[in-house]
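Subject: Handing over a structure

Dear colleague,

I am passing a structure on to you, and you will find it directly below. My notes on what was found in it follow, and I would be glad if you read them beside the model.

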Amino acid sequence: MHKQYDVLILGSGTAGQSLALRLADRQRVAIVTKRSLADSASAWAQGGIAAVLDNTDSIEAHIQDTFTAGAGLCDAQATRFVVEHGREAIEWLINRGVPFTREDESALGYHLTREGGHSHRRIIHAADATGAAVQATLSEEVLAHPNIDIFEHHIGVDLILGDKIGQPGRGCLGAYVLDIRGDQVLTFGAHNTVIAAGGTGKVYLYTTNPDVATGDGVAMAWRAGCRVRNMEFIQFHPTCLYHPQAKSFLISEAVRGEGGLLRLPDGTRFMPEHDPREELAPRDIVARAIDFEMKKRGIDCVYLDISHKPADWLRGHFPNIHARCLELGIDITREPIPVVPAAHYSCGGIVTDLSARTDVPGLYAVGESAGTGLHGANRLASNSLLECLVFGESAARDILAKPQQTMPELPAWDESRVTDADEEVVISHNWAELRRAMWDYVGIVRTTKRLQRAQHRIRLLASEINEFYSNFRVSNDLIELRNLVVTADLIVRCALKRKESRGLHHSRDYPDTLPKARDTVLRPPPIKAKRPQA
């Protein structure tokens, strides 16, 4: 029932696994993951990793591109920190054997592609399945390392705080974790705990994210007393495959980067009317343009056409996209791809510093759960995996430099006052209602009235869910729903506080951009000392 580690990592994406490998030669590490080790948004990343690797590119150009995409809201210190450590992060992956696509003619030896918002070719990639290649390489090492224990089909319930168990000032001491298959809550003690639990995409009805992206890390950190920032900036990827059998299948940014054109059903291009950068405009502009054209014309989707490229070239550069579309009867070498926008990435998150530390001592956050300040009001394509690697390394460096304190005895999870749920249907109904409300009222284009409607529904759902949580034993679905409703509330609260349109947040009531870019920061209520209970 009780497990003790030097470091507990909640999440198994690129951020969590790279961090584990940097720690494990000197410390015992536990990785807790809701499904299998490979089940994460990182594994779904197609495009690649942005870094300054070519002599014609520069650190300043990458920083400027990031600031431009981020609508001026990017944290200057965090942005420079990530970009300056880009080459080092890529070399770390190459040394581990990640099979990036090679190009013998280039001085680097690897093919670099260009994506929307970038002024140079700087995206190193493994065909069109970079995330999967990185994850497979890291997972092989993680599985083989004797100091790393992996707990698949386990989900964090809540963090263990010293203030809650009679150890004031001790910060985070681990987490309560549900063994989903064993149906019991375990106590994980740890000198340091890292949230690497991914994003929030499943709070929306349509998303490119895997089913595990339910905002768990953000919600747990918020309940533990951490600030969050800029949660209103939800990136909707412009090009998710539109097909009844294609759940959450993303058509990579690189397709537009390599010359793909967006067309209406009659074949007419429309991006030249929306932005001078046309198809290479940042994602928020492209997503809004598609949303505008769909609503204006009453159409279900638009089309992304790259069939003008040679068939062999397409099959070589986009083998996975080509194969998946072909399975569904779409030959991208001959016809355009039907696409729609879908919730893709959360640019905000838990407030962290350059060492990935949160407001709670002993608690770190890396990856999409973290609000490092890098992405500002809109993430620049392929900066996310880079952020995972750079902050994974900085968190590891900080953790390894800290002296370890004696761990107190931690109380077991208390189920003495709960029973088995009598109506599980409540969970599925509330899940569906929450996601539909977020899609309808907190989407690509927002109004104050829509946001207020969403907030009203979310608070009613939160009250019902919290009552359910207080009376019944926890389950995976209940934990995820509880976290989703917290995350949804934070997104709406941040959106209501922003009285302007900037980046991914587009308000019809406040269409102008204010002269000065400011973060939206939310502070949680003070923690009340109490014993842990279900």
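Before anything is located, a word on naming: helices (H or I, at least four residues) and strands (E, at least two) are DSSP runs, numbered from the N terminus. The model is a predicted one, in which local features need pLDDT of at least 70 and side-chain atom pairs count only at pLDDT 80 or more, while totals for chains, interfaces and linings use all residues. Residues are numbered from 1 along each chain as its sequence is written, and side-chain values use heavy atoms, with hydrogens and water left out.

The chain as a whole

The protein chain holds 15 helices and 20 strands. Its radius of gyration, taken over C-alpha atoms, is 22 Å, close to the 24 Å that the globule rule (2.2 Å times the number of residues to the power 0.38) gives for 534 residues, so the chain is as compact as a globular protein of that length. Along the principal axes, the C-alpha atoms fill a box of roughly 65 × 50 × 50 Å. Of the 534 residues, 61% are buried, where buried means under 20% relative accessible area, exposed means over 50%, and partly exposed lies in between (1.4 Å probe, protein chains only). Among contacts (heavy atoms within 4.5 Å) between residues at least 6 apart in sequence, 75% join residues at least 24 apart.

Helix 13 and its two partners

Helix 13 (residues 425–441) and helix 15 (residues 476–497) have axes that come within 10 Å and cross at roughly 25°; axes here are lines fitted to C-alpha atoms, for helices over the stretch in contact, and angles run from 0 to 180 degrees between N-to-C directions. Helix 13 is therefore roughly parallel to helix 15, given that angles under 35 degrees count as roughly parallel, over 145 as roughly antiparallel, 65 to 115 as roughly perpendicular and the rest as oblique. Among the residues that make this contact are Trp-431 of helix 13 and Leu-484 of helix 15.

The axes of helix 13 and helix 14 (residues 448–471), for their part, come within 9 Å and cross at roughly 165°, which means that helix 13 is roughly antiparallel to helix 14. The residues making this contact include Glu-433 and Tyr-441 of helix 13, together with Arg-450 and Phe-468 of helix 14.

Most residues other than glycine have a negative phi. Ala-71, although it is not a glycine, has a positive phi of about 55°, and it sits in the loop between helix 3 (59–69) and helix 4 (76–84). With a relative accessibility of 25%, Ala-71 counts as partly exposed.

Glu-278, which is not a glycine either, has a positive phi of about 55°, and its loop runs between strand 12 (261–263) and helix 9 (283–297). At 30% relative accessibility, Glu-278 counts as partly exposed.

Thr-352 belongs to the loop between strand 15 (349–351) and strand 16 (363–365), and with a relative accessible area of 9% Thr-352 is buried. If its neighbours within four places in sequence are left aside, Thr-352 is in contact with Arg-229, Arg-357, Thr-358, Ala-365, Ala-370, Gly-371 and Thr-372.

With kind regards
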